[in-house]
Every structure is written in C-alpha cells, then in structure tokens.
Amino acid sequence: MYLKYLCQTVLVLEHSTNTIHTDVIPLPPVVEAGTPVLGNDDLERNLVLVEKVAYSKGLSPEAISIMLEFAMSLRMGTILCPRVLKCLIPATVVPQEAVVRAVVWLGVGKIPFGTQVLFIKWVLTMFDMIDAKDHLRAIYGFIFSFVTEENLCPYICHLLYLLTRKESVLIFTFLFPQGRQPFLLHLLSLYKVFCPELVTLSIPSRMKSGFRNHNSPWKSVLIGVQKRNGSQVASSIGLAFTIKDKTNTRKRKHCHLELPALSSVVNKQAQTELSSSRKVVPLVQLHSFAQLLENMHHIELPAQMGSLLGSSLALQYLDCVQDESALLRLNFWLGYALHEEFLFCGDGGASQNSEEALQFLNKLLSTQHFLQEGFSSSEAFLYKFLSVWDGSLLRPQILGLLSNIPVVPSSQIRQLLFEPLMQLFFTSSMFFKCGLMECLNNMLLKWLTWHSVYALEDDLDISLNSHTSINMTLSGFKDSVMELVNFVGRLASVGLQLEGCHSLLLSFILDFYETVCDTFLKYGLPLVVMPPAGVFYPTLFAADPVSVDRLAYIMYRYKVNLTSAKNQEKVTEQAFHISRQTFREFNHYVVVMVNCLWNSKMFQPGMDVQLGEELLLKSNVPEYWTSFDLIHHPAFLSYAVDFHQRCWPGRKDMDLNSIKVRRPWSWYLEYLFTQGYDGLKQFVQSNISRQLTAGDGQDNSLSTQQR
C-alpha cells in the first residue's frame, strides 16, 4: 500500500541526523481497488504518522511525489485528497515532474472543484520551491484550457501569470476569454507587455491587484519547518519565506519583509544544460557591470523577483533594459508584500516587527531613488495605508515613499491624498507637520523635474512615466500641480495658526514656496501661483530675520518669473496667459512689503492688516506706523542697535530714527546686506529705486517699480 510504503520512507527522514533527503526506494504497488477508507485503522495510523513528519520536518522530494500522486489519482476516493494536500509540506524542493503529473490528473474530470482549487493554491504557494519550470511551461496550453472553468479561473490566471513567456503570448492571445474581471485583466496586461500589437483591449491604468492574497493553510507550517531545518534548507534553495532565529514569540511571522536571496529559476543540476541550450545567463552568475553589459540580452531573471531589490546589478539591468515583464512581476511581488504586512494583518503588523519593516522600506526607498521613479504597487498601497496610518509608525519611510508617487490626476487627488493627509496634519505634532511639508515639497520637485525632462516640445501630451500607458495633457498636469500648491497653502495657513507661527514649521513652508516661485523659469511649467495671505503675513512679521529675508527672495523670484512670462507673451504667440488676478496679488504684496519695511507706513488704509485708530492709540506705542520698518522690525531691531552704536559710539541716548537721515540710511542698508541677507538685497534692488543727489550722495525719496 502507498501509505505503508510512505511511512517507511518518512521514518528514514525522521531518524536521519545528517541529511534531510530520503533513500531512493522502488515505487510501491498500486492500491487495490475497493480498499475501504472508513474504519481503516491502518490507513489512519499511517496517515497520522505522515502528517506528524510533514508538520515537524517536512517531506522529502520523493515523499512529495508519492503523496501527490496518491492524492490526485483518487485511488482511495475523494475523501482523503484534501487532507493529503494539506500535509504536503516540502523539506527542500518540490519535484517538477510530480507537479506536472498532478496537473494532468486535473483533466480526468473526477476531482471535485473544491479539491482542484486547493491543489492550484498549493502549487501557487510552493511555486518558488519547484526545482524547475521548463516542463510546466511545456504544458502551458493544457493549463490554459482551464481558464474557462469559472471556479478555477482566478487561480489558473495567477499560475499562468507566473509561467508566461513571450512565445506563449503569440499563441494564446487569440484564445483569451472575454471578460473584465481583475484577474483576467492582470494576466492580459502581461500579454500586452510582451506583444502590445496583439492586445487591442484597453487595460485600466490604475487597476487593482488582480490576484488576491489567499490565506493558504501551508504558509505558517512551511515557515516553522524552515526554521527547524535551519540553514541546511536555506542554503539549498532561495525561498520566499526566510525566517531569522529570534527568541521572542509572535502570533504572526512577518515573512514578506525580508528580501529573498538572488537565485536562479532552475536548480543547479539543470542550470548548465538549460543555459547551453537556450544561451541564457542567470543573473546570479554575474558579478560586475562589464559582465552585465556583455550578457545584457541573454539574462535570465531570478526565481524571486523580490531579490532584485537587494542586487545593484539587477537594478542596473532594470534601469538599462526597461524590461516591462520584470517590472510587472516585481510590482506584483512588492504589492503582495506591502499589503500582507501592513494592511491585511490583524495583530499589529509591522508595528510589532519595526526593525524588519524599517530595513525593508529603506531598501525600497533606495531602489526607487536609484531608478528615479516609484513603483505602481507602492503607490496603490500608500493610497490605502494613509486611511489607517497613525502618522508615527515608520514616519520617515512612509513620507519618503509618498514623495515618490507620480502625478495624480486633479479629479482624484483630493480623495486619494488630500483628505487623509489633512486629517493627519491637523491631529499630529508640529514635527509631523514639518515632515509632511518636506514630503510635499519633494513631491512637487519630482513632478516639476519630471515635466522639465519628459515633456515634449512639439506636443502638449506628456506621458506620466516610462512604465505606464497613462497620458496626461499639459493642462491636466497644470491642474494637478495647482491643486497641490493650493492644498499646501491651506495646510500652511492653518498650521501656522495652530503652532503659533513656529519658526521651524515656517522654514519648511518657505522651502515649498521657494520651489513654487520658480516653476516657470526653472522647470518650464507655464504656471504662477502666489502664496496665500495666511503664509505671507506671518512671514513678513516673523521675529527672525532669516524668514523675512527668504520671503524677500521669494518675492524677487516671483517678479523675475512674471517679468519673463510677460515678455514671452509679447514676443511669441504660444506663451501662456497670466491672469490679471495673479498680477494684482503680486503687486499688492510688493506694495505691502515696501510700505512696511521701507516707507514706514504700517497699518495704513487699504492694507490687509488694519487696526482701529483708537486701539492703536491705546497701545501707547510711539509712531506705531514705523513698528515694522527695517529699523524697528523685531527681526532687525538688534542690527539697528548694533549699527547705531558703531556709528555714534559716544552717544548716551539712542535715537534709532537718526539712522533714517540721508547717508546713515545708505550705510545701514549696506550693513544689513553684508550680514548675508541676499534675498532682502535682491528685493530692494529690483523693487525700490534710490536716486543719488549731487550734494550728499543719497536722497531720501523712494519709489517702487511695479506693474
């Protein structure tokens, strides 16, 4: 009997101390027809022994072959098949031939649909442990025939996705079933990568993952077996589920956060023969960039796509070749790992495994920085994760990933980004607000840099990135950028009120507007957006001189950009049109700054900041209209005092108004400019004209150069 023979085989495994492989024994005779199942004590005793060994040390390849043949052939009916499949835990590898024979048994038609689904799930779970894939790909057409089975279709599509090669697409595209189910579209998207001319169906650009993360009954057991077998198993094949020895116990082992080792698709015995026949070079055999260039078009991708993140040569290959199939497979693996560890775990997820999560996300960030673009799978994950994120878990890494997302259409950006970020911003600490401002600034910088590099000069249609079929018009891109800038303006205005105009938060906000003010000249985007009053006035009245100086620089750059755009509008017909409202806002801000800092006309009628005359008189502040000029401004008062002492060291009474008299005023300005306030210097030189007289060299009359 099969089970009696198998028990002898697994006992060899159980009592072995130096090896986990069993001795090769001739196949046993076939189970006699009519052998009873119910009430068969020998059967139950032997099956329990097999389960004990499988769940503790795993089964050898020979044992896997025997048990899989016994289950799928239904020699003792359909009752035992699910139980046997659930205990097929390999100790090392799964023989390819055993899987091929089991797949063929699906065509007999006697196996119940539930058992067929369970078997395909087992194949998907153990896919990376199968010692070779060439024979499985040889029966691609046979596996493809099960796509028409409604119950099997989602799992068959997943298996076909893993097995698909370009030669398969050339044949089976014409036989592809009709439908818009996610699993069909996901497989079809891979077909379109290999042969876009054969796939005419439009594939959604922001498609949800077509293959669900099934909670198979083998994962946790397989992890335990690997851990008990130790490095002896890990060295034989690069598995998807690698676990480190740790003393602490957890309900859930976060196995997806560790990058698998770079390994070949086939085992070492078949590798030499396959490489010579197909002239392919496994990526794991390359050790230098010169070898990569020499074999660029003959490289075989590894069995585990996640291992690409840990190899600099693999990333260079992705960057040079732009292999769409490799990126699709990598995106699928990455999306599965992120969703499994951060979204689909109910026991705290990565919060209980912060060190592994930190290393994983740091590796992902370094990969994205190397490729200079993000992954679509991490983008889809972030949109879901933001709604459940507390703002503190792995904050630098999450914000770093968020800054790498590509341009989001203006019709979707509010729901996907703004709403969850707004809730986090208003309920988190000041340091989170600073981190989010830095993140949004980096996001805007990457959007603008991408536009300046990839935008076509002769066409307004621009692709979002090099790995997507989405196109966005220039007006659509401008709408998205404007939505982002206006959103940050609202956050900044309220954030400064909540945090009492904290200088650190203000610094990050000014970083953002230093990017915004140069969108036209520096990045070639025909768009000018002024900062809101909730940012302008707190900066103008800030107590630190650096903030006021940076505001002056920002207004100077706004003027340079607006002047250049206005000149182009006069010369060329293709220049963009700037709204009158933008010019009015700019001119108004310039007038306020000049009247405040230079003309000593604070709190005058027509300004946005107004106080009642009675209230100003009650304040007992002498000459309150001079409170924020370059001498009495809280940010520059210490400089005015120091300058006064240097000019009139013998005076006992300090009269700061004496600085405004003719020549001392010019000296004071030069004194401020030598302190490193270049932004203030550029603003004064571009907006204020100081006319020299023949008598004393400095006249006190001032005028602004405005539009």
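Visitor: Why does Gln372 count as exposed?

Guide: Gln372 has a relative accessibility of 72%, and since exposed means over 50% relative accessible area, buried under 20% and partly exposed in between, with a 1.4 Å probe and protein chains only, Gln372 counts as exposed. The model is predicted, so local features need pLDDT of at least 70 and side-chain atom pairs count only at pLDDT 80 or more, while totals for chains, interfaces and linings use all residues. Residues are numbered from 1 along each chain as its sequence is written, and side-chain values use heavy atoms, with hydrogens and water left out.

Visitor: What is the phi of Gln372, and where is Gln372 found?

Guide: Gln372 is not a glycine, yet its phi is positive, at about 60°, and it is found in the loop between α18 (354-371) and α19 (376-385); helices here are DSSP runs of H or I with at least four residues, numbered from the N terminus. Most residues other than glycine have a negative phi.

Visitor: Why is Cys501 called partly exposed?

Guide: The relative accessibility of Cys501 is 37%, a value that falls between the two cut-offs of 20% and 50%, and therefore Cys501 counts as partly exposed. Cys501 lies in the loop between α23 (474-498) and α24 (503-516), and it has a positive phi of about 55° although it is not a glycine.

Visitor: How do you know that Ser686 is buried?

Guide: Ser686 has a relative accessible area of 14%, and because buried means under 20%, Ser686 is buried. This residue is found in helix α31 (residues 678-687), where its side chain reaches the backbone oxygen of Phe683 at 3.2 Å.

Visitor: What makes a set of residues a nonpolar core?

Guide: The set must consist of buried Ala, Val, Leu, Ile, Met, Phe, Trp, Tyr and Cys residues joined through side-chain atoms within 4.5 Å. The largest such core has 135 residues, and those with the most contacts inside it include Leu402, Leu417 and Phe636. Its largest share, 12 residues, comes from helix α22 (residues 430-454). A second, separate core of 73 residues includes Ile120, Tyr140, Val199 and Val225.

Visitor: Which residues does Leu417 touch?

Guide: Taking contact as heavy atoms within 4.5 Å, and not counting residues up to four places away in sequence, Leu417 touches Tyr383, Leu386, Leu402, Ile405, Val408 and Met443.

Visitor: Why does Val494 count as partly exposed?

Guide: Val494, whose place is in helix α23, has a relative accessibility of 34% and therefore counts as partly exposed.

Notes:
Helices (H or I, at least four residues) and strands (E, at least two) are DSSP runs, numbered from the N terminus. A polar contact is a pair of N or O atoms within 3.5 Å; within protein, one must be able to donate a hydrogen and the other to accept it, and residues adjacent in sequence count only if both atoms are side-chain atoms.
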